[in-house]
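The stops below are given in the order in which to select them.

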Amino acid sequence: MASNSPSLECRMYEARFPDVDIAVMIQVKSIGEMCAYVSLLEYNNIEGMILLSELSRRRIRSINSLIKVGRTELVMVLHVDEDKGYVNLSKRRVSEEDIQICEDRYNKSKLVHSIMRHAFKLVVNDPDTILDSLTREVKETSSDGKEVTKAVHALSEEIKDVLVKNIRRRMTPQPLKIRADVEMKCFQFDGVLHIKDAMRKAEAAGNQDCPVKIKLVAPPSYVLITQTLDKDQHISRLFLIM
């Protein structure tokens, strides 16, 4: 099962880690000599590991035919170590029934996530209109002794303030730090001056949205650093500078 959809950065369920012997949705991050490292899409992208021996029941002739970086897969949970924060997984132990159950659960959870994210965006823009419209029913006894049902605000002002603050904090995009390692050499007599001039031009190529800083590691190694909310655009900017 392949997909190019972006990873959802959220935990779709109350539990921080999955249970053993259930199928989960993962995205492959890297492939090493002994295992593949993945992120669990339903559990806020926590890291998991698939031993290469757990990829297939058959003899493996080509790793790339079984698993690829960036690919979305369904795998079985073998072991969970909550203290160390890692999960051992298997692709070869997943049955057709497991696949159907996991896909149904994941698609429903993804839909709920999308709806809640949209609702939170509305709360950020107009919290009073959205949250004040929420009500709950309470039963009271009237003066004549009869029980009546009354609609009241679902949230107190204190709870509402805390909720809005948390939603705004979590919905605000966080800047991503991007680093590029480069080598600069100049064999002219005044090569150091040329390198310094190149560093000044690199930093001048940045702007308020994408400030660029360049630091010396150890000649001839330097590092370009920027922080941005637009990853793809500013990676391209660093490439242009380089």
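This is a predicted model. Begin by selecting R11, R16, R169 and R170, which gather on the surface in a patch of positive charge. Of these, R16 belongs to the segment before strand 1, the strand that covers 23–31.

Stay in that segment and select D21, which is also located before strand 1. The phi angle of D21 is near 70 degrees, a positive value in a residue other than glycine. D21 counts as exposed because its relative accessibility is 58%, and the cut-off for exposed is over 50%.

Is N44 buried, partly exposed or exposed? At 43% relative accessibility N44 is partly exposed, because that value falls between the limits of 20% and 50%.

Now select K139, in strand 6 (residues 135–141). K139 has a relative accessible area of 62%, so it is exposed. Show its surroundings: apart from neighbours within four places in sequence, K139 is in contact with E147, V148 and T149. Draw a C-alpha to C-alpha distance from K139 to T149: the two are 4.5 Å apart in space and 10 residues apart in sequence.

Finish at P219 and P220, which are joined by a cis peptide bond with omega at about 5 degrees. P220 sits in the loop between strand 9 (212–218) and strand 10 (221–228).

Methods:
Residues numbered from 1 in each chain as written. Predicted model: local features only at pLDDT ≥ 70, side-chain atom pairs only at ≥ 80, totals over all residues. Heavy atoms only, no water. Helix = DSSP H or I, 4+ residues; strand = E, 2+ residues; numbered from the N terminus. Buried < 20%, exposed > 50% of the residue type's maximum accessible area, 1.4 Å probe, protein only. Contact = heavy atoms within 4.5 Å. Patch = residues over 30% accessible without salt bridge, like charges linked within 9 Å, V, L, I, M, F, W, Y side chains within 5 Å. Areas by Shrake-Rupley, 256 points an atom, 1.4 Å probe, with all protein chains shown as cover. Salt bridge = Lys/Arg side-chain N within 4 Å of Asp/Glu carboxyl O. Lys, Arg positive; Asp, Glu negative; His and termini not counted. Charge placed at Lys NZ, Arg CZ, Asp CG, Glu CD.
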